[in-house]
Amino acid sequence: RVIRAALADAGLSARDVDAVEAHGTGTRLGDPIEAQALLATYGRERPAERPLWLGSLKSNIGHTSAAAGVAGVMKMVLAMRHGQLPRTLHVDAPTPRVDWSAGEVRLLAQARAWETGGGPRRAGVSSFGVSGTNAHVILEQVPEASSSEAHDVSAPVPWVLSAKSPQALREQAARLLEVCGPDVRAGDVGLSLAVSRSRFEHRAVVVGDREQLLAGVRALAAGEPSPFVVEGRASQAGKTVFVFPGQGSQWAGMAS
């Protein structure tokens, strides 16, 4: 039921999914139950030349308890990116405890190129909890955006700058102006300033659209006020103190 519910939520049919990352209990009881459920859903109404490919990450890393489903998602996302379905290790032959003729499901005993016939790559990922909670999610490859589709954001963007002194902050703003040509997107600049720069004591944030950002940075470089600029000085972080009272006793203000 959980597989059919996932397909219904995604608006897909079973034949639209190329592969399934199984939970893979690795037991004589659990594996046949899971395989039979996949044969009864994904294995039906699909051509023999395009079977559902079945694998499990547990053959690589073993049981990961609560992280089993997340590990399976990571595996299939990477498989989509590289266009290859990884093989499942330690598989000599399909288990005879499953009637594999009941549907078009094949084990990934060898790595295979992930071919879809022109559509996006799609995969199901199963995860079964020890309490009996079953989960199944369907992943779909994100379309690759061409460079011609890239565009700048229209919403206001923050540009974050910091330096060790007010003068250095103004100099950094001046250097930023030099590289912000017409081909530089405001969103790209904002992302780079936010995630790839060190943070120092003297800080400024310029917020606005492209023209407002440039006007604010220009004012910051000149040491002039601007409605698009907020300046401040970061307070020094307090020293970290570890208290080991011994018998678990506490006293008022011990964490201040």
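Predicted model: local features only at pLDDT ≥ 70, side-chain atom pairs only at ≥ 80, totals over all residues.
Student: Let's start with the pocket. What volume does the largest pocket have?

Tutor: The largest pocket has a volume of about 560 Å³.

Student: Which residues lie nearest its centre, and how many line the pocket?

Tutor: The lining has 28 residues, and Gly24, Gly26, Asp31, Val91 and Leu107 lie nearest the centre of the pocket. Two or more lining residues come from each of helix 2 (30–41), strand 2 (52–55) and helix 3 (58–61). Helix 2 gives the most, with 5 residues.

Student: How does the lining of the largest pocket divide by class?

Tutor: There are 11 nonpolar, 12 polar and 5 charged residues in that lining.

Student: Now a single side chain. Is Gln172 buried or exposed?

Tutor: The idea is to compare the relative accessible area with a cut-off: under 20% is buried and over 50% is exposed. Gln172 counts as buried because its relative accessibility is 11%. You will find Gln172 in helix 5, residues 166–179. Leaving aside residues up to four places away in sequence, Gln172 touches Leu161, Ser162, Ala163 and Arg197.

Student: On to charges. Why might two charged side chains pair?

Tutor: Side chains of opposite charge can pair when their charged atoms come close. In this model the count comes to 6 salt bridges.

Student: Which residue forms a salt bridge with Arg50?

Tutor: Arg50 pairs with Asp18, and their closest N and O atoms are 2.5 Å apart. Arg50 sits in the loop between helix 2 and strand 2, while Asp18 sits in the loop between helix 1 (2–10) and strand 1 (19–21), so the pair ties together parts 32 residues apart in sequence. As for accessibility, Arg50 is partly exposed at 26%, whereas Asp18 is buried at 5%.

Student: Where do the partners Glu201 and Arg233 lie in the chain?

Tutor: Their salt bridge has its closest N and O atoms 2.3 Å apart. This pair links distant parts of the chain, with Glu201 in the loop between helix 6 (186–195) and strand 9 (202–208), and Arg233 in strand 10 (residues 229–233), 32 residues apart. Glu201 counts as partly exposed at 27% relative accessibility, and Arg233 is exposed at 60%.

Student: What is the distance between the closest N and O atoms of Asp188 and Arg185?

Tutor: In that salt bridge those atoms are 3.0 Å apart. Asp188 is partly exposed, with a relative accessible area of 39%, and Arg185 is partly exposed with 31%.

Technical notes
Residues numbered from 1 in each chain as written. Heavy atoms only, no water. 1 Å grid on protein atoms, 1.4 Å probe; cavity = no way out; pocket = protein on both sides within 12 Å on 5 of 7 lines; lining within 4 Å. Points joined across faces, edges and corners; volume = space filled by probe spheres on them. Helix = DSSP H or I, 4+ residues; strand = E, 2+ residues; numbered from the N terminus. Nonpolar A, V, L, I, M, F, W, Y, C, P; charged D, E, K, R; others polar. Buried < 20%, exposed > 50% of the residue type's maximum accessible area, 1.4 Å probe, protein only. Contact = heavy atoms within 4.5 Å. Salt bridge = Lys/Arg side-chain N within 4 Å of Asp/Glu carboxyl O.
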